[in-house]
Every structure is written in structure tokens, then in C-alpha cells.
Amino acid sequence: MKEDAHPTPHTDTGLMFIPDDLLHQLEYDKVLELVAQACQGEVGATRARIPSFDTRRGAILARLQEVREMKTALEKGEVFPLGHYDDLSEDLRQLAIEEYVLPEEALMRIWRVLRTVRDLVWFFNAVRKEHYPRLAALMADLPWDDSLVEAIGQVLDEEGNIRPDASPELARIHRAIIAKTNELDRQFRIVVQQLRQKGWLADNVESIRNGRRVLSVPAEHKRKIRGIIHDESTTGKTAYIEPEAVIEINNDIFDLQIEERREKWRLLRDLCRLLRPHTALLGQYLERIVRYDLILAKARVALKMNAHMPRVVREPRLGIQFGRHPLLYLKNREQGKETVPFDLTLHGPNRILVLSGPNAGGKSVLMKAVGLLQLMVQGGMLIPADEVSEVGIFTRVFADIGDQQSLEDDLSTYSSRLKNMRAFLEHADPHTLVLIDEFGSGTDPKMGGAIAEAILKELNKRGVYGVITTHYSNLKIFAFKTRGLVNGAMTFDKDTLSPTYQLRIGRPGSSYAFEIAQKSGLPPKVIAYAKKRTGKSEQAVDQLLVELQREKQEVEELHQQLKDKEKKLQHLIASYERLHGELEYRRKKLKLEAREQALQAVAKQQLELQQLIREIKEAKNLEKARALARATQQQRQDIAEEVKELHEEVFHATPTSKKRDDTPLQAGDYVRIRGGELSGQIVSLDGKKAIVAAGQIKITVPVRELERAREPMELQRERSVKVETASSSQRFDSKLDIRGMRYDEALDAVQEFVDQALVHNARTIQILHGKGTGVLRKAVKMKLKEYPAVKHIWHPEPEQGGDGITFAELA
């Protein structure tokens, strides 16, 4: 028995596959072949067939954005200047050898590459650089000079032949050859005419032998003609003679042809000398063309698949929206069939989907689609899914699919699967994606189910993500009870006894074995016997699981509603405490104002008293005056002390139950005027006065009447309601798109959106949430019902969006 194979780390980025043929099992090699067939050059096609993955988010995003820009260019009708090109590796190796002279064919291949680079430089002009920045950046670091293209163009023509006017010497030789050839034609015609009159020529008058023009002469006349015999026919009946009159002319032509070959060699040698210092740059040019070729091929495949670029997050996550198996989509499109899309989100508490349902219902296809889409993203390809899909990054991908029986290793199907499971458990971590088909099958159902449950428990402990298909009820029950696992089902139409290929998350599926057996034509008595042997308890397990899962989902929804109400209650309590504090503050301030008025009244009385004292002095009654003055002074001091205490209580006590911040106020701090709602930012401080900017208004306020406030919240959040401003008035958009948001984000966005709608007196609003599992639709409806101003809630007709859009009428 052979030693177990170790897992194979794939590429230098550390992506690990188990087993080694995982890419073949997931049919990723077929996707690569589609890209290879779309390449323009054989170098690109060869490179496309080599799997290449990345685990760095920045590198993945860069590759995806390049393909997306190319796809956009093709959709706009842009003609990307990339045609057929050849491999230059051997030509450049020879060119690097000192004084090596490349033939015309090799120089033609180099010229073709240089012209392609020149066309790419011209293509990415100033406008296209803005539209396709990623693609343009690939050429930015390469130097370019037209001189090399022009130099080769002066020597070679479009067919790859050396131009007759490539140099003055070659042009002279070419003209001389033409002149001698014309002279040869004239002389040859004269000789032919003379000998034909004598009847000394064969039917085929002339031929070419040894590169020379000769006459075809019957053997009996060959001694009658002066010249050189170059050859005879195989029968010996015909001799090929070069007439004496043209021998000298042929010699001249032969000499000129030698000169021509020598001059052409010199031109090729000088051209190679010119190119030799640029050998490394020519290699870079070729690599860049291959890079563009791969990007262009991926974009063409993306157009066929109707593929888009998903959102890429750093952590492991599966958030596929409206996803389709790419190969199945292409096949169905050719046959005019529809491919049913699926929505699958695995993150946080739900990481592993336990997928059940009838045979031929689409379980394995969906599981393979998940793995294939993940590999495509990390391989720099767009995927047939909605743009709002979120895809995380995995460093390990494990799969156990199909029959892996091995005669060579003396392994049965089940033994080979257990070998895979052992490798999974040894190497699994939170950055692992696990795909297992027909989990637990291949042995006794009870024992196989128990082992499968134990393995699933360990994989869940390791925090892996995955999709696992099964028919075993114990695994469905385990998924129902265990955090981290979630049941899912491929639905089945009982009326037509056919699968719908639709994924439903949250409930386990039934195998519908009896229904499928009935449809396949098994005799009724066979099916009845099987049902009897199965027993009612076994038949009821699936239904019980469905009911339990439904109740669990309802409890979770109710729990979420209670959490939302608790959150709202906390908000109301905080508002009450704030209002109560402000009310207490205003009460004390009124009391303070009353005492200040009393103090002013006492001051007025003191003035009157001073007047009285003067009068008494004049009356010489000093003792009475002093007693009255002391009493008045004491009254004034008592009121002043009370006012001071009230000042301290009003201006240095916090209206709410929160701890007071005693640090001095500074310019730039956010503050609120005590007892009021007006808030703003301190522009400057001048002693006991502060200039506060509240929006476009600036006011001067005593520092003691200010208290710290939080920085105003930014109402404009990512993926929230967008409010555009036009001059000084605001325009309200009555449509909100919350597709792809999480539950909490969606609730916050809807609340803010409805608040804005009420402020702007909107009559009707639309909220686009998509169909999916219906969670967002229920959340929207629940939030809208909290507003008394919402009079009516409804969904449009199916052709206008149906359950994917919610309309609401506001009072």
C-alpha cells in the first residue's frame, strides 16, 4: 500500500488544495480552457491553462478591475488593438548571442510584437487613460520609442520580405538584375525563334536547370546547338541546353544575385545589431502583450457568462447573490434553457451549509458552483453573480466529490473518502473552504452517519466554511441544534414530481425517494412495501425537522423584533432622561431669574435708602440710619448668596444623568446652549464670551451658558439614502436600494429614509430589497409599521419587481 499523498500547496501565495485533483473535480480546468480558446496567441493560451491564484486582497482586486475595465471597453464597442502574436523566447535567446543574425521570419515576429505595443501606446491616449486607468497603468512603466519599429519597417515589407530599396546598394543591384533579366528575355526569344524554324526544339520549349534558363532539345539535335548541356530527361530523349548566346548574360545575373544575398545579409546583421541592446525590453514587451491577452480573453469569457465583479472582503465569507454555475449557464444558454440562480450567504454564526433534497435536484451542482466561483475570483476572473455579492478570501480549499476508488492504492470508495477526511481535519483552519458531496455515504447508513456527524463536529470547531450535501437525517438534526451550521434544501415540486433547482436556506429538504420512485415507473406494490418497511417514524423525521426549523426561524425573528423594541425603548428612556434634566434646568433657571429680579429690586431699595440716610443725617438721627442700613445690607447679601448658589446649580450641574466634563471649552469644540436645542461649534473665545457657528449662523453666547455636545452625526452612510443638494434647497429621492445590506444596516437605512421622507412631505416611497430569502422584505415591513404616518404598504406587479420591491403611502 502506498504512502498517503500530502496536500499540495498551489502557487507561491500559499493556496492549498486537497486532494491534488481538486481543480479537475470542480471543473475549473474547463473554465481555464474557455479562457485559453479566447486568447490571441499561443503563448497566452498556454499561460491561461496554468492555474494561478492569489490570497492578497489588493492583488485580487487589481486583477478583477483589469478584467472589468476590459469588459466595459468591449461592451462600449472599443476595438482593442491586440491581434495574433508569436512566441519570441527562442528568437530573443538567439538575438542575445553576439553577431548572431536572425532570419527574416524571426525579425518579422519581433516587428509584429513591436507594432502591437505601438498600437497599445496609441490606444491609451489621454481620454482612455481616464476611462481605463488599470489597463493603461500596465503600459505606464515601459519605455517606448518608434525608432525600432521604423528601423525594421525600412528593411522588411508587410509580407516579411526584404524591401528591394532597403539600401541604395540593394536598389542598384535590384535594378541591374531587372535589366539583365530583360536582356536575357530578348536574347532567348531570338534563339528560340531561330531554332524553332529549324525544327530543333521540343514541344516544351524552355525550362530551368541549375538556376539557369535552358532550351528543351530532342536528343537527336543536341549536337547541332552550341551551348552547355545542363541535364537530360530520365528517358534520355530530351536534353536541356543553355544556348551560347545567353551564357554570359546568365553569368552576370548569377553574380548580381550573389551580391544581392550579401547585401541582404548585411542589412539583417545591422538590424540585429540595432535590436540586440533592447533584447530584455523586447521580452518585457512580449510579457505585457501576454498579460493583455489574458485580460482580454477573461473579459470575452465574462461577456459570454454575463459575469460581474463582486465585492471582495479580507476575511473568509460567502455572500453570493443571484449566482449561477458558469459552465451550466453556458450550456443552457446554447440550448435555450434557463439557469436557476441561487442566493447563499455564509458568515458570522452560519458558516457551513448542510444541503439536502432529492437526487438530481441540483445539490451537487450548487456545491460545485460555490467552489468554482470562489476559485474564479481568486484566479482573477469575473463571476456569473450579482455585483452586490460579497466574496471573502480563503487560503485552503478542500473537496470530496464523486467516486474516488483507487485500485492502484488498494482503496475502496469509502476508504478514500475517510483518507480525505483525515487530511481535512489535519489541515483545516478558519480560512478553509470545505466542499463535501453525499457526506457519510459509502458504508452502513447508521455508522456512516455517525462518523460523518463526528467529522462535521470537528470541522465546525475549526471554524471552516463550507457546503455539504447529504441525505442523512442525523446530520440535518445536528445542523439544526449546532451553532455554526445551517440547514438548506433544494426544493421539489410535489405536483409535477420534478425538482425546481431553487435553494431555500433555513429548512432541511426531503429526499422524496418514494415520489421519485413512483415517477420512474416502479410498481405500486413495490413502493407500498418499501413504505411499510420504512415505518411511520422514519417518514416523519424530515417533516418534523421542517417544522422545528420553521419554529426556530419564527423564534429568531421574534427575538430580533424584541431586540429592536428594546433598542427603541432604550432610546426613549435616554430621551426621557434628557428632557427631564432640561426641565429641571429650566425650573432652576426660572427661580434664578426671579431671585435676580429680587436682587435688582433690593438694589433699587438701597438707592432709596441712601436718599433716606441723607435726609436723616440732615435730621441728626444717626443711630436710626445705621440700623436701617445694616438691615438692608444683610438682606442684599442673603439674596446675593442665594443667587450665587443658583448660578452654581444651574450652570455647573449636568441636566442628564451622564458624568460632567469639566475641561475648559476651546475653539473647535462642539457645544449646545443650555436649556435649548441649538448646537454648533465654537469659532473663537473672548474672555467669558464665545462665538458659536450653528450652520450658516454665528451667535455670541456667554461661556457659562454653554455645555459640551457630541459632534453632529453624519447622516450620509455608505449604502444609505443619498440626498443631493441643488443650490440652497434639498431634493429627496423617493427610492432606496438596500440589496446586499445586513439586517441591522437595512433597518437603520430604512428608518433614516422614512424620516427624511416625512421631513420632505413625500407621498409615496419605494424600497428595493430583492427577493432572496425574504428576510429584508420582512424587516422593511416591520419597520414601516412602526410609523403611524404610513397608511398603506404594498408590492407591485411581478413584471415590475413583485416581492422584490415594497411601496408605502405616507399621510
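Predicted model: local features only at pLDDT ≥ 70, side-chain atom pairs only at ≥ 80, totals over all residues.
Four strands form an open sheet in the order S3-S4-S6-S5. The pairing is antiparallel. Which strands sit at the edges? They are S3, residues 206-209, and S5, residues 227-232. Each of these edge strands pairs on one side only. From one strand to the next, the twist averages 45 degrees.

Look at one pair inside that sheet. S3 and S4 run antiparallel and share 4 bridges. S4 covers residues 212-218. Across the pair, Glu-206 stands opposite Leu-215 of S4.

Now the helices on this sheet. H10, residues 168-198, lies across S3, S4 and S6. H10 runs at about 5 degrees to S4. H11 lies across S4, S5 and S6. H11 makes about 70 degrees with S6.

On to charges. Side chains of opposite charge can pair when their charged atoms come close. How many salt bridges does the count come to? The count is 36. I'll take a few of them.

Begin inside H10. Arg-172 forms a salt bridge with Glu-169, and their closest N and O atoms are 2.6 Å apart. Both residues lie in H10, 3 residues apart, which is about one turn of the helix. Arg-172 counts as partly exposed because its relative accessibility is 36%. Glu-169 is partly exposed too, at 33%.

Next, a bridge between helices. Asp-252 forms a salt bridge with Lys-180, with closest N and O atoms 3.0 Å apart. Asp-252 is in H11 and Lys-180 is in H10, so the pair ties together parts 72 residues apart in sequence. Asp-252 is partly exposed, at 24% relative accessibility. Lys-180 is partly exposed as well, at 23%.

Then a bridge within the sheet. Arg-212 forms a salt bridge with Glu-242, and the closest N and O atoms are 2.8 Å apart. Arg-212 is in S4 and Glu-242 is in S6, so this pair ties together parts 30 residues apart in sequence. Buried or exposed? Arg-212 is buried, and so is Glu-242. There is also a network: salt bridges with shared partners join Glu-263, Arg-266, Arg-269 and Asp-270.

Stay with Glu-263 for a moment. This residue sits in H11, which spans residues 244-275. Why does Glu-263 count as buried? Because its relative accessibility is 9%, and the cut-off for buried is under 20%. Leaving aside neighbours within four places in sequence, Glu-263 is in contact with Ser-167, Glu-169, Leu-170 and Ile-173. Glu-169 is the residue that forms the salt bridge with Arg-172.

A quick stop at S8, residues 318-323. S8 pairs antiparallel with S9, residues 342-346, over 4 bridges. Ile-320 stands opposite Leu-344 in S9. S8 also pairs antiparallel with S11, residues 390-391, over 2 bridges. There, Leu-318 stands opposite Val-391.

S25 and S27 pair antiparallel over 5 bridges. Gln-766 stands opposite Phe-807 in S27.

How do H22 and H23 meet? Their axes come within 10 Å and cross at roughly 40 degrees. The crossing is right-handed. From H22, the contact includes Tyr-743, Leu-747 and Val-754. From H23, it includes Leu-776, Met-782 and Lys-783. The contact residues divide into 11 nonpolar, 1 polar and 1 charged.

Lys-698 is in S20, residues 697-702. Lys-698 counts as exposed because its relative accessibility is 59%. Beyond its sequence neighbours, up to four places away, Lys-698 touches Val-683, Ile-691, Val-692 and Ala-693.

Definitions and conventions:
Residues numbered from 1 in each chain as written. Heavy atoms only, no water. Buried < 20%, exposed > 50% of the residue type's maximum accessible area, 1.4 Å probe, protein only. Contact = heavy atoms within 4.5 Å. Pairing = 2+ DSSP bridges. Axes fitted to C-alpha atoms, helices over the stretch in contact; angles between N-to-C directions. Left-handed = near helix turned anticlockwise from the far one by under 90°. Nonpolar A, V, L, I, M, F, W, Y, C, P; charged D, E, K, R; others polar. Salt bridge = Lys/Arg side-chain N within 4 Å of Asp/Glu carboxyl O.
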